[in-house]
Amino acid sequence: MAEQTSLRQFIPEPTTSLMSVEGLSGYTQQNPLPVDERDRQEAARELSRRGITAQAPVPSNQSVMAAPTSINPFNPAFRETARSALNDFFGGSNIAGREGYRTGQLVDTAVGAMDFIPGVGDAVGVGDLRQSIGSGDLIGTAIDTTALAAGMIPVVGDAAAKVIKKIGDKPLRGAPSTPNIPNVGTVRIGQNPEAEAAAVRATEAAGVPYTSLRRYVQVNPEIASTAAREYDIMQHTPDDPVVASAYNRMIEEMMPQYDAMLEAGVNPYFMKPGVDPYANSPYEALIDVYDNKRLAVFPSVEGFGSNPNFDPGGNPLLRDSGRLLGGQPATYNDIFRAVHDYYGHAKPGVGFRAMGEENAYQSHAGMFSPEARRAVASETRGQNSFLNFGPYGEANRTANIEDTIFADQKTGLMPRYVSEAGLVINDDKRQRFFDTLQAGESGLQGAITDDGKLRLIHYSPREIERIDPERYGRNLSGRTRAEQNRARGNPDFVKRSYYGVPASQNPYRPESGVGRISYEIEVEPELMYDLRADPDNIRSKAKGVTEYEKLISNSGYTGYYIDDSKLGKVAAIFDPYDVKKVYTVPLVAIGALGMMGKEDQQPDS
């Protein structure tokens, strides 16, 4: 706290005048960071969500879009537009989300420090400032922005004057768009409109709703570290029916992507052994696609990771695709490498280090169904997180390709929260949850943590560190006749662990039966499905409760919750979770949910 106080002498005090939604238009000619119509709409929704009229002032440390009027004499709209850009840069436009009030406070500090910069251009892309913001470092951000304002750090806008080539359209909002490529120079990399159009055609052909990446995303260290660990412990299980189903769905949905890529005139070809056409920088691949409609693909036969003893046998991606790539037969794995580079990297114009790979996953994820996305996550987010945040991450993040330790290309599935957490395409789900929470319609008040997670309590007779649905039926769950009938021999049955929800309304009331130790986990609330409300209308597609649950799990939800007349609020979770807290005070454990007795009745009957 002392550091923050002393730092204020370097930061201009914010003014007391506040802006309304009507003042969000910005100055597009004067300001290099204009507020677009989507920003205005998001601001209006945010104010409406909190019950605030459009003209009412909003305290700046609680507002996502509204901000104090700038005192920058060169650009009166600077503070509003810079704040909007920084919120996009943080990857959060939801005050109730995981960043919460911390984000608002951090943005206010940064904007206050930058208020006197005459022309920011891509100032928020300066390396030190980007690193401070990405790590949530309030002090570092303020220092970096203050140094920027004082001219202690060269502004990226200066470098922009040296750009010798422009690729694509407008760069993705918040993206580091001007890499300096050895032997080439500074190049401005933007989004590829032809790849975007191909993505629309491909998803229409595959019958998958398409969601375009709306902003550049910062790597969330918590999600990345979790993904690295989960990929590390994930087994190579290509014969598992759930794994096989996800990979087959991935193959079905990616083949129209390859067709659309070829229809766009792009000619992929295999790299020759020992010859890297993009030796100066991987960014040259994006230039090659845009300028020449060519794309060199690393052939699958060259390796499946750095471990020579790993056997990828059984991987469905290694089957022959029946297609040619550069005139040569290609496996599905070759096809995936081509389409991922095209739609994941070239389409949004992002790089190939840790941040670029996360955004490539974010971009490509919007072209797959949630079930297929689990397989895509293993092939991309899982392997890349292992590379950058796993046991060799520190060295890998700065290593050249020869010294990089790559993950084994295992065939398996990580928990759904690894494939879904932090995705821009799930912003609407998260917004929906907090809208429902604020309206008092979710019934989960009292179970939400300060950083926007949902608390769940699990009961066990023994000490555990990880709650795994694979243990389903070993304790009280699965012992009732109804549970046994649902689970035995039913391919639609999804294994789960049962939890209680410590909500203020109708909280869980544990029944006797097993265990006297309680464990707490925290889940992303947008990944929990409201079984009763059925907001996605999934129930109409199911013949019964068991199929309903299967469809929920294949829709990317980690589980569901429901009010039971006897037990209170309960939840079923399909994924394994590490324990967050252990309560040593003896408590009666939860057992099976008797509410799931008959397929032709409501789940809580």
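I started with two helices: Asn333, Phe336 and His340 in α12 meet Val376, Glu379 and Thr380 in α14. I took contact as heavy atoms within 4.5 Å. By class, I found 2 nonpolar, 3 polar and 1 charged residues in this contact. Nonpolar covers Ala, Val, Leu, Ile, Met, Phe, Trp, Tyr, Cys and Pro; charged covers Asp, Glu, Lys and Arg; the others, Gly among them, are polar.

The model is predicted: local features need pLDDT of at least 70, side-chain atom pairs count only at pLDDT 80 or more, and totals for chains, interfaces and linings use all residues. Residues are numbered from 1 along each chain as its sequence is written, and side-chain values use heavy atoms, with hydrogens and water left out.

Next I checked the axes (lines fitted to C-alpha atoms, for helices over the stretch in contact; angles run from 0 to 180 degrees between N-to-C directions). Those of α12 (332-346) and α14 (370-389) come within 13 Å and cross at roughly 70 degrees. The two helices are therefore roughly perpendicular (65 to 115 degrees). Helices (H or I, at least four residues) and strands (E, at least two) are DSSP runs, numbered from the N terminus.

Then I turned to the sheet. Its 3 strands are ordered β1-β3-β2, open, with mixed pairing; a pair needs at least two DSSP bridges. β1 (165-167) and β2 (180-181) are at the edges with a single partner strand each, so one side of each lacks a neighbour in the sheet. Helix α11 (283-292) packs on the sheet and touches β1, β2 and β3.

Last, I looked for charges over rings (NZ of Lys or CZ of Arg within 6 Å of the ring centre and within 35 degrees of the ring normal). Lysine 410 lies over the face of tyrosine 231, 4.8 Å from the ring centre. Lysine 429 has its charged end over the ring of tyrosine 557, at 4.1 Å from the centre.

Key:
Angles under 35 degrees count as roughly parallel, over 145 as roughly antiparallel, 65 to 115 as roughly perpendicular and the rest as oblique.
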